Amino acid sequence: MKKEILLLGLCLCLPILGHADSVTERLAAYETEGARNFDSQSGALAWARKVTVEQGVAQRSCQDCHGEQLTQPGKHIKTGRSIDPMAPSVNPKRLADARKIEKWFKRNCEWTWGRACTSQEKGDILRFLQQQ
């Protein structure tokens, strides 16, 4: 009986812990790749960094699609598609799945910066997003 109550309690807490656990999992993975001392301020700078990806194409940054106010929806600059808010404070599922975090880093870093993000950049950005 105690085992079932403990298991039920754990199951009820998992949605609350999901965000922190997924970020913790990703940060630990980035550390195994050599990244260290993740910093939200560095993440904010990376988020706002403008990069020219192709000749003749305007510079892009994460803010261009996700917006400066991460508690508000964004809008993709190429497709016009609405993007749910990035801030976990208003969108708790945003950082709840470690696989999705990595999937979106892969897709968005390539499109926005024209290259894969480094483990350090990803960790810094996650620290920044956690504070939103």
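Which residue forms a salt bridge with D64, and how far apart are the closest N and O atoms? The partner is K50, with the closest N and O atoms 2.8 Å apart, where a salt bridge denotes a side-chain nitrogen of Lys or Arg within 4 Å of a carboxyl oxygen of Asp or Glu. K50 lies in the loop between helix 2 and helix 3 and D64 lies in helix 3, so the pair ties together parts that are 14 residues apart in sequence; helices here are DSSP runs (H or I, at least four residues), numbered from the N terminus.

This is a predicted model, in which local features need pLDDT of at least 70 and side-chain atom pairs count only at pLDDT 80 or more, whereas totals for chains, interfaces and linings use all residues. Residues are numbered from 1 along each chain as its sequence is written, and side-chain values use heavy atoms, with hydrogens and water left out.

**Salt bridges**

The count comes to 5 salt bridges, among them the following.

| Pair | N to O distance |
|---|---|
| E102 and R26 | 3.1 Å |
| E121 and R49 | 3.4 Å |
| K50 and D64 | 2.8 Å |

The side chains of E121 and R49 meet in a salt bridge; E121 lies in helix 5 (residues 119–130) and R49 in the loop between helix 2 and helix 3 (62–66), so this pair ties together parts that are 72 residues apart in sequence. E121 is buried at 12% relative accessibility, and R49 is partly exposed at 32%, the classes being buried under 20% relative accessible area, exposed over 50% and partly exposed in between (1.4 Å probe, protein chains only).

E102 and R26 also meet in a salt bridge, and this pair links helix 4 with helix 1 across 76 residues. R26 counts as buried at 13% relative accessibility, whereas E102 is partly exposed at 23%. Salt bridges that share partners join R26, E102 and K122 into one network.

**Cysteines**

A search of the whole structure finds 1 disulfide, a term for a pair of cysteine sulfur atoms within 2.5 Å. This disulfide joins C109 to C117, with an S to S distance of 1.8 Å, and the link is left-handed, with -90° about the S-S bond. C109 is buried at 6% relative accessibility, as is C117 at 10%.

The sulfur of C62 is 6.8 Å from the closest cysteine sulfur, in C109, which is too far for a bond. For C65, the closest cysteine sulfur is that of C62, at 8.8 Å, again too far for a bond.

**A backbone feature**

N37, in the loop between helix 1 (2–32) and helix 2 (40–48), has a positive phi near 50° although N37 is a residue other than glycine, and N37 counts as exposed at 70% relative accessibility.

Note on methods
Helices (H or I, at least four residues) and strands (E, at least two) are DSSP runs, numbered from the N terminus.
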